[in-house]
Amino acid sequence: MNRFIPFFIISVLLISLVVANLLFGAVSLSLHDVFRGFQPGSDSYFTIHEYRLPRTLLAILVGAMLALAGALVQGVIRNPLASPDILGVSHGAGLAAVVYMIYFPHSSISWLPAVALVGGLCAALILWWLCGHRSSTIKLAITGVALATFYASTVDFLMLIKPLEINNALLWLTGSLWGRSWPQITMLLPWLVLIPCALYLAKSLNLIHLGEDTAISLGAKVNSLRLIALAIAVALTAAAVSICGPIGFLGLVAPHLARKLFGGRHQALLPATMLVGAVLLLMADLVARTIDPPIELPAGIMTAVLGAPYFLWLLIRTK
Amino acid sequence: MKHFLIMVLTCASALLFPGLSQAASDNGPHPKNTLDKPVTVQDSKGTFTIDYRPKRIVVLEFSFADALASVGVSPIGIADDKDPSRVLPAVRKIIKPWTSVGTRSQPSLETIAALKPDLIIADISRHAGVYADLQKIAPTLILPSRRETYQDSLKAAAIIGKVIGKNKKMQARLAKHQKIMAAYAKQLPKGVVVQFGVARDDALFLHTADSYAGGVIRALGLANAHTGRNDSAYRQTSLEQMLSINPDYLIIGNYTHPSIVDKWEKEPLWSVLKAAREHHIFYVNPNVWSRCRGIMAAERMGQDLVNVFHGNQIAAKP
């Protein structure tokens, strides 16, 4: 019973943040205006229906996807400091996006999500190719971090030799919900299939948590389970990053907070993580839009501002 | 998902606020001064047609504000990075107070929508990604600005002139611009190599022959320095590369104080530079030379160069 209280609180928080995201922005609207905004032809139709509503929904989707990916990776690697970043997916997507922006400056920007998606998935395939099916999680993590660093340094190199493109690339690399609307949501929808798949793995992830040997003796197929869970995490991250750019720290902080609030049982942890992730990104985007209007800060900066100190605190505590 | 949500919320709103749909329909489009013959121009996305004379214009780059001001038209909104001083002083003098719509890189679409513009002028380099959204707010003319050359900038101004129904005035202004620039060119020596660069705390970016500033320098009868192979418009340059480029005149815009140039001045290598030896290093306003672009910006740059070559003090303060 006790478990439902935090669930309830976080759901209420989510709903109030959705309302806040619709009400506030560079121009604050009344509740009345917000309702009118759903009707075509009204004054606030663009602001609400074409701008704030899709952006809010996107924040929920992307926040939930990145957080779920983080929880899966942390579950498999069995390390609270792990996150999808250590698989090099977001950096791979970033590299693909920057290469596309620098070397094809005149090609359509609408291809950018597809390019980033392919980059992210390729990064995961390279990692898999290097580590193989049955390698230890440590090898996987270290190889992943090394690859991620390699991609990041390649991005830096490209931006140094092509300074003209730096603004657009940097903007994309900080992760932002600016300029995203219904088409981007439609692109994300097919990937939501992965969420029930991930939830289906919850029980087996609990077994992995007991240690590899115990899990095997309890009947879990650890290797294939790990592969499936990581593949889902990779796909979720690549899809989310391809739309919004790599929004930092969300995949790390959200599962961690959720574990604090709801405990480590994956049946509760996975849905809770998605809620926390959605709440965090909604909050970040709300702050990013309202802190100094009409300036729009990228939401990725906000999550980094929140996430980096949390990460440090985590590092110090786990020592 | 989308439709379901809209349905739920519309039902809720209909229940909560009866008579709402009535209110919504009162807000018709703006009264527009319809033209007899629609104006059609080519912009960066193809054909742009407008059948009325726009009155409420939002511009998302400084060069477009410059073009409007050149024919005495005030934009109602400018993406000025929330810093009005970034708009060229000469432009500020002409136009009426405007609303900032945020940064040029990520302008606030809801602020733009709240201004109810009837024309948006956007930059293909920065705003291609939100072109569809901008069009939902108002007809959007999308032209080059960030990557543009001096000639591109003048072409863009001519297109803007047509779209806002001031073609004649714009053509006259452009002809006057050519005269002004020719007058400046007469006061300047021919073929002297002039290089402009903006200096930050840790880097100097030279604006090459392909850049806007490079084009203005050439248009004034001066010469561009050879900055190296396959130039892009801006090129980060080290002190040693600077020596091999070695222009006759070096024009610097400092974004920060002290900038990297201030640090380099203390290095022995710096004193070998031709411009340093002959005291031909001058400081200009980096905002005017790098960010503004446009008709009046080019004229101000010409004035600056005349001052440089005639030994007058120029205002370098941003």
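## Strand pairing and helix packing in a predicted model

In chain B, strand 3 (residues 57-59) and strand 6 (residues 119-123) pair in the parallel sense, with three bridges between them. The model described here is predicted. Within this pair, B:Val58 stands opposite B:Ile120, a residue of strand 6 of chain B. Helix 3 (residues 62-70) of chain B packs on the sheet and touches strand 3, strand 4 (77-78) and strand 6 of chain B. The direction of helix 3 makes about 140° with that of strand 3 of chain B.

The sheet itself is open and consists of five strands of chain B in the order 5-4-3-6-7, with parallel pairing. Its edges are strand 5 (99-100) and strand 7 (140-143) of chain B; each has a single partner strand, so one side of each is left without a neighbour in the sheet.

Another pairing in chain B joins strand 1 (residues 34-43) and strand 2 (residues 46-52), in the antiparallel sense and over six bridges. These two strands of chain B form a hairpin, with two residues between them. B:Thr34 has B:Tyr52, in strand 2 of chain B, as its bridge partner. How many of the ten residues of strand 1 of chain B are buried? The count is zero, and strand 1 of chain B is hardly covered.

The two pairings are set out below.

| Strands of chain B | Sense | Bridges |
|---|---|---|
| strand 3 and strand 6 | parallel | three bridges |
| strand 1 and strand 2 | antiparallel | six bridges |

Elsewhere in chain B, B:Leu204 lies in strand 9 (residues 204-207). Is B:Leu204 buried or exposed? B:Leu204 counts as buried because it has 22 C-beta neighbours inside 10 Å. Apart from neighbours within four places in sequence, the contacts of B:Leu204 are B:Gly197, B:Ala199, B:Thr237, B:Ile260 and B:Val261. B:Lys93 is 111 residues from B:Leu204 along the chain, and their C-alpha atoms are separated by 31 Å.

Chain A has 15 helices and zero strands. Its radius of gyration is 20 Å, close to the 20 Å that the globule rule gives for 319 residues, so chain A is as compact as a globular protein of that length. Taken along the principal axes, the C-alpha atoms of chain A fill a box of roughly 65 × 55 × 35 Å. Of the 319 residues of chain A, 51% count as buried. Among contacts in chain A between residues at least 6 apart in sequence, 77% join residues at least 24 apart.

Key. Residues are numbered from 1 along each chain as its sequence is written. Chains are lettered from A and ligands numbered from 1 in the order in which they are written. This is a predicted model: local features need pLDDT of at least 70, side-chain atom pairs count only at pLDDT 80 or more; totals for chains, interfaces and linings use all residues. Helices (H or I, at least four residues) and strands (E, at least two) are DSSP runs, numbered from the N terminus. A residue is buried if 20 or more other C-beta atoms lie within 10 Å of its own, exposed if 12 or fewer, and partly exposed in between; C-beta atoms are placed from the backbone. Two residues are in contact if their C-beta atoms, placed from the backbone, lie within 7 Å. The radius of gyration is taken over C-alpha atoms; the globule rule is 2.2 Å times the number of residues to the power 0.38. Two strands pair if DSSP finds at least two bridges between them. Axes are lines fitted to C-alpha atoms, for helices over the stretch in contact, and angles run from 0 to 180 degrees between N-to-C directions.
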